[in-house]
Amino acid sequence: MNFYSGLIIEKLKENEIFVFGSNPEGRHGAGTAKIARDKFGAKYGVGRGMTGRCWALPTKNLTAGYYEKSTGIVYEKKGYKSISREQIIENIRELYEYASKNKEKTFYVAYTYNGFNLNGYTGDEMLDMFIENKIPENIKFHESFLKNTKLLNSLGRS
């Protein structure tokens, strides 16, 4: 696993991508989604995949019963933990697949271990989802995740 420091990525270089928690509708109105829209060109209405210099990672649904045309997924719930752990893991797998095919790019995951996640999942829960699949070398996580004992043990840094 690779890490970066700093609270919020202020500036991206040419081949750097800002990975943010999104909703399937692509309504980027708060948190890192708003930063993605305002600073890095995430398009309103694009809730999944590449948009601007960003990767939209669906982790929260805003409208119960929302139908995502691109995937055929119907999101039954809205609000905290409205997208299941299993579905988020699948969404992360899509990110990793894209990153593996685009090794020249560096992907900065805009979650912190202690941060407040608008999706309702804790830092530990998000970390568990991110480490479920093999992480490509060009994915970087915030250094705050190094506070997780389980992660430190798996990295041999206990």
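This is a predicted model: local features need pLDDT of at least 70, side-chain atom pairs count only at pLDDT 80 or more; totals for chains, interfaces and linings use all residues.
Residues are numbered from 1 along each chain as its sequence is written, and side-chain values use heavy atoms, with hydrogens and water left out.

Leaving aside neighbours within four places in sequence, Asn-117 is in contact with Tyr-80, Tyr-111, Thr-122, Gly-123 and Met-126. You'll find Asn-117 in the loop between β7 and α3. Those labels come from DSSP runs, numbered from the N terminus: helices are H or I with at least four residues, and strands are E with at least two.

So, is Asn-117 buried or exposed? Buried means under 20% relative accessible area, exposed means over 50%, and partly exposed is in between, with a 1.4 Å probe and protein chains only. Asn-117 has 7% relative accessibility, so it counts as buried.

Stay in that loop between β7 and α3, because Asn-114 is there too, and with a relative accessible area of 52% it is exposed. Which residues does Asn-114 touch, leaving aside neighbours within four places in sequence? Those are Ser-144 and Lys-147. Asn-114 and Lys-147 are 33 residues apart in sequence, and 9.0 Å apart in space, C-alpha to C-alpha.

Next, the helices. α2 covers residues 85–101 and α3 covers residues 123–130, and they pack at an angle of about 55 degrees with their axes 9 Å apart. The axes are lines fitted to C-alpha atoms, for helices over the stretch in contact, and the angles run from 0 to 180 degrees between N-to-C directions.

What do we call that arrangement of α2 and α3? It's oblique. Under 35 degrees counts as roughly parallel, over 145 as roughly antiparallel, 65 to 115 as roughly perpendicular, and the rest as oblique.

Who actually meets whom here? From α2 we have Arg-85, Ile-88, Ile-89, Ile-92 and Tyr-96, and they meet Asp-128, Met-129 and Phe-130 in α3. By class, this contact of α2 with α3 has six nonpolar, no polar and two charged residues. For the classes, Ala, Val, Leu, Ile, Met, Phe, Trp, Tyr, Cys and Pro count as nonpolar, Asp, Glu, Lys and Arg as charged, and the others, Gly among them, as polar.

That takes us to the inside. A nonpolar core is a set of buried Ala, Val, Leu, Ile, Met, Phe, Trp, Tyr and Cys residues, joined through side-chain atoms within 4.5 Å. The largest one has 26 residues, and Tyr-96, Phe-130, Ile-139 and Phe-141 touch the most other members. At least two residues each come from β2 (16–22), β4 (54–58), α2, β7 (106–109), α3 and β8 (139–142). Which of these gives the largest share? That's α2, with six residues. Apart from this core lies another, of 14 residues, and Phe-20, Ile-35, Phe-40 and Ala-110 are among them.

Take Ile-139 as an example: not counting residues up to four places away in sequence, Ile-139 touches Asn-2, Leu-95, Tyr-96, Ala-99, Phe-107 and Val-109.

Now look at Tyr-108, in strand β7. With a relative accessible area of 11%, Tyr-108 is buried. Not counting residues up to four places away, Tyr-108 touches Tyr-4, Ile-9, Leu-12, Glu-16, Ile-17, Phe-18, Val-19 and Lys-140. Tyr-108 and Phe-20 are 88 residues apart in sequence but 8.6 Å apart in space, C-alpha to C-alpha.

Glu-68 is in strand β5, and at 3% relative accessibility Glu-68 counts as buried. Its contacts, not counting residues up to four places away in sequence, are Pro-24, Arg-48, Ile-73 and Tyr-75. Val-74, in strand β6, is partly exposed at 40%. With the sequence neighbours up to four places away not counted, Val-74 touches Gly-65, Tyr-66 and Tyr-67. And Gly-65 itself, in the loop between β4 and β5, is partly exposed too, at 41%.

Lys-81 is in the loop between β6 (73–75) and α2.

Conventions. Contact means heavy atoms within 4.5 Å.
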